[in-house]
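Student: Could you walk me through this one? I'd like to start with the overall picture and then look at a few local spots.

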Amino acid sequence: MNFSLDFTERVSTLKSFFFGPVLSRRLGYSLGIDILPEKKTCTFDCLYCELGKARQVKPVHRFTLFADQIDRFKRELKSILTSYTIISSLTFAGYQGEGTLNTCLGEFLQAARLVRDETANQDIPLSILTNSSTMHLKDVCENLFGFDQVIAKLDAGNQRIFEKINRPHPSVPALKEIIHSLIQFRESLLKPRRLILQTLLIQENASEQNIDDLINAFNLIKPSGIQLYTIARPPAYVQVKRLESSRLEQIGKKIGKRLHESIQLRVY
Ligand code: SF4
């Protein structure tokens, strides 16, 4: 189905918390929810980021944003869900960066759940995309536990590639600690809620060594699933190349052969 751009533009301009729905390769018709300021606010500065260059913020540098606007958020979401039944995921997405930096995330999640349950199909998952850099913080995890799907970034299996690809703020924990946080999160997650890892590969992190290290990390973390993909659009300010589909498939096969049987791998 060809979903008209008109719709996307109308929702984007009228609803400041919402964008899309966009037809996502990984989530279907996903209504994006953005609770960050109108400029990039992130603990990373990934090589492939589609947003402009911005200085990274510390994971503990948290914002309390839009707490007084939750009622408006609910009204707008209700209006969107009543009008458009095509939506298949309500996704707190990093449209302008890392959404877990807003300390009001839990309140927005509760509001979205309430409106979804009253207005729409309760099977529409509440999802969040996170870059994993704040998952060592207890209050962040408490909010994340409330999502149906937590889709957490893991592009590197070793510290060198992590720093090269994701360019974290110096106070972001080391990759080993992030992996440990992901393991702890998965162990504490109540079923049927799911932890999914999203791994974006470009030429800079597709070396045999990084793939081997990633496989080890995947098997330690044991998420429900792994989403393996490459860039779809050109990055904002650094020239990096997407992987050829054939190379991505080849890597997918290699990972699939060595992955714990409980983990579902999808290559996009
Ligand atoms: S985590 Fe997302 S928003 Fe942050 S720098 Fe990376 S790609 Fe950009």
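This is a predicted model: local features need pLDDT of at least 70, side-chain atom pairs count only at pLDDT 80 or more; totals for chains, interfaces and linings use all residues.

Student: What radius of gyration does the protein chain have, and what would a compact globule have?

Tutor: For 268 residues, the globule rule gives a radius of gyration near 18 Å. The C-alpha trace spans about 50 × 40 × 40 Å along its principal axes. The chain agrees with the globule value, as its own radius of gyration is 18 Å.

Student: How many helices and strands are there in the secondary structure?

Tutor: Both kinds of element turn up in the protein chain. Count them and you get eight helices and eight strands.

Student: What share of the contacts with a separation of 6 or more comes from residues 24 or more positions apart?

Tutor: Take the contacts in the protein chain whose partners have a separation of 6 or more. Then keep those between residues 24 or more positions apart, and the share is 75%.

Student: Is Asp-45 buried or exposed?

Tutor: Asp-45 sits in the loop between strand 2 (28-33) and helix 2 (70-83). Its relative accessibility is 2%, and the cut-off for buried is under 20%. So Asp-45 counts as buried.

Student: Which side chain makes a polar contact with the side chain of Asp-45?

Tutor: Leaving out residues up to four places away in sequence, Asp-45 touches several residues, including Lys-53, Gln-56, Arg-167 and Tyr-237. Lys-40 is on that list too. The side-chain polar contact, at 2.9 Å, is with Lys-40.

Student: Arg-167 has a positive phi, so how exposed is that residue?

Tutor: Arg-167 is found in the loop between helix 5 (159-166) and helix 6, and its phi is about 45 degrees although it isn't a glycine. Most residues other than glycine have a negative phi. With a relative accessible area of 23%, Arg-167 is partly exposed.

Student: And Ser-132, is that buried or exposed?

Tutor: Ser-132 also has a positive phi, near 75 degrees. Look for it in the loop between strand 4 (126-130) and helix 4 (138-144). Its relative accessible area is 2%, so Ser-132 is buried.

Student: Where is the proline of the cis peptide bond that Lys-191 takes part in?

Tutor: Most peptide bonds are trans. A cis bond joins Lys-191 and Pro-192, with omega about 10 degrees. Pro-192 is in the loop between helix 6 (175-188) and strand 6 (194-200).

Student: Which element holds Pro-21?

Tutor: Pro-21 is joined to Gly-20 by a cis peptide bond, with omega about 10 degrees. The element holding Pro-21 is strand 1 (residues 18-24).

Definitions and conventions. Residues are numbered from 1 along each chain as its sequence is written. Side-chain values use heavy atoms; hydrogens and water are left out. Helices (H or I, at least four residues) and strands (E, at least two) are DSSP runs, numbered from the N terminus. The radius of gyration is taken over C-alpha atoms; the globule rule is 2.2 Å times the number of residues to the power 0.38. Contact means heavy atoms within 4.5 Å. Buried means under 20% relative accessible area, exposed over 50%, partly exposed in between (1.4 Å probe, protein chains only). A polar contact is a pair of N or O atoms within 3.5 Å; within protein, one must be able to donate a hydrogen and the other to accept it, and residues adjacent in sequence count only if both atoms are side-chain atoms.
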